Amino acid sequence: MEVIKPGLLSSVQDQGRAGYYHLGIPPSGAMDQRSFRAANLLVGNEETAAVLECALLGPELRFTADTSIAVTGAAMAPKIDGVEQPTDTVLAVRAGQVLSFGFATAGARAYLAVAGGLDVPERLGSRSTYALGSLGGLNGRKLEAGDVLPTGPRSAANAARAAGRTLPPELRTPLAKEHVLRMVPGLYDHRVQPASMATFLAETWTVGSEADRIGYRLKGGTPLAFVDREPPFGAGDDPSNIVDACYPIGSIQVPSGQEPIILHRDAVSGGGYLMIGTVISADMDLIGQMPPNTRVRFEAVSLDQALTARARRARELDAIRAL
């Protein structure tokens, strides 16, 4: 594929790179793992093959060989030579044809899978782009005009995928304007006054413009009230500071108690802000599809409830694999 226009923020992503977070290298990978895997499975790829993740405004690409593609995730209608095509469906593309996109009308990130996957070099076991570290993807960065993206060989499985094969609506990531995100409280929620924590959970927050692969900043709620303390050695004077600790992906920080930040797949691995809770793994895909101004509430759940939700998400992925 030749890149004519790169879109707003298009990058190569796969399942992410595991095992290096303790060295300060985050997992990266697709923000919406369900949509990413579904796109690959539709065209007959291994579900962890590299795809394009396209944020808010997709790219314009020229194909140099016949192939099949699928676009999942955000409602970012693909067009082939200017003719609008359905999402969540296998599409046939001919050499010389141009694929383009408009702005996302719902959701935030579309995933473009091409039969054979994107054949960029692996870095630390993954093809995912970590732009802050100039690692992976295509030269460690988002797409630019003039780039050429190589694709892998088409297997017998993906060669046999007929155009028109579709992902059922019930197996797609929901693209709503308001979401409830389930969170397991901790590790430092005891630093927040109980009444203030109850207010945090009762209020509706709004996704700010500062929402990217590193983290999502939320606005519009009541600032947190902290329990008085004598700052421990090594922590700052701000009541939201702690002695540096590890950050799980999905952790919720509230610097100075003002605006929550949910860390996502390109986040730093540790620091000095307390975490009042962690969004459960089953709901992280939802965050990847939240554009600015999405409304958000948090619901505290137990670890058992989080594990039950994870098992349900696993069954939904199995249903996609069985299509």
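## Domains and model

The protein chain is divided into domain 1 (2–170) and domain 2 (178–322), with bounds that come from an automatic or database domain assignment. This is a predicted model, in which local features need pLDDT of at least 70 and side-chain atom pairs count only at pLDDT 80 or more, while totals for chains, interfaces and linings use all residues. Residues are numbered from 1 along each chain as its sequence is written, and side-chain values use heavy atoms, with hydrogens and water left out.

## The contact between the domains

The centres of domain 1 and domain 2, taken over C-alpha atoms, are separated by 28 Å. In domain 1, 31 residues are in contact with 23 residues of domain 2; contact means heavy atoms within 4.5 Å. About 2,200 Å² is buried between domain 1 and domain 2, and carbon and sulfur atoms give 52% of that area. Buried area here is the accessible area (1.4 Å probe) that two parts lose on being put together, summed over both. On the domain 1 side, Tyr21, Met31 and Arg34 lose the most area to domain 2, together 33% of what that side buries.

Three salt bridges are counted between domain 1 and domain 2. A salt bridge is a side-chain nitrogen of Lys or Arg within 4 Å of a carboxyl oxygen of Asp or Glu. The side chains of Glu53 and Arg213 form a salt bridge, at 2.8 Å from N to O.

## An open sheet

Five strands make up an open sheet, in the order S1-S4-S9-S6-S7, with antiparallel pairing. At the edges are strand S1 (2–5) and strand S7 (83–84), each of which pairs on one side only. Strands (E, at least two residues) and helices (H or I, at least four residues) are DSSP runs, numbered from the N terminus. Two strands pair if DSSP finds at least two bridges between them.

S1 pairs with strand S4 (residues 60–62) in the antiparallel sense, over three bridges. Within S4, Leu61 is the residue that stands opposite Val3.

## Salt bridges along the chain

Side chains of opposite charge can pair when their charged atoms come close. A search of the whole structure finds 21 salt bridges. One of them joins the side chains of Arg94 and Asp66, at 3.3 Å from N to O. The pair links distant parts of the chain, 28 residues apart: Arg94 is in the loop between strand S8 (91–93) and strand S9 (98–101), and Asp66 is in the loop between S4 and strand S5 (67–73). Arg94 is exposed at a relative accessible area of 51%, whereas Asp66 is partly exposed at 41%. On this scale buried means under 20% relative accessible area, exposed over 50%, and partly exposed in between (1.4 Å probe, protein chains only). Arg127 and Asp119 also meet through their side chains in a salt bridge, at 3.6 Å from N to O. Arg127 has 23% relative accessibility and so counts as partly exposed; Asp119, at 39%, is partly exposed.

Asp283 and Arg182 form a salt bridge in which the closest N and O atoms are 2.7 Å apart. This pair links distant parts of the chain, 101 residues apart, with Asp283 in the loop between strand S18 (275–279) and helix H4 (284–288) and Arg182 in strand S11. Asp283 is buried, with a relative accessible area of 2%, while Arg182 is partly exposed at 28%. Elsewhere, salt bridges that share partners join Arg37, Glu47, Asp318 and Arg321 into one network.

## Selected residues

His179 belongs to strand S11 (residues 178–185). His179 counts as buried because its relative accessibility is 7%. Leaving out residues up to four places away in sequence, His179 touches Pro174, Leu286, Met290, Thr294, Arg295, Val296 and Arg297.

Leu307 lies in helix H5 (residues 303–321) and is partly exposed, with a relative accessible area of 39%. Between Leu307 and Ile261 there are 23 Å in space, C-alpha to C-alpha, and the two are 46 residues apart in sequence.

## Cysteines

The structure holds zero disulfides, a disulfide being a pair of cysteine sulfur atoms within 2.5 Å. Cys54 counts as buried, at 0% relative accessibility. Cys246, at 62% relative accessibility, counts as exposed.
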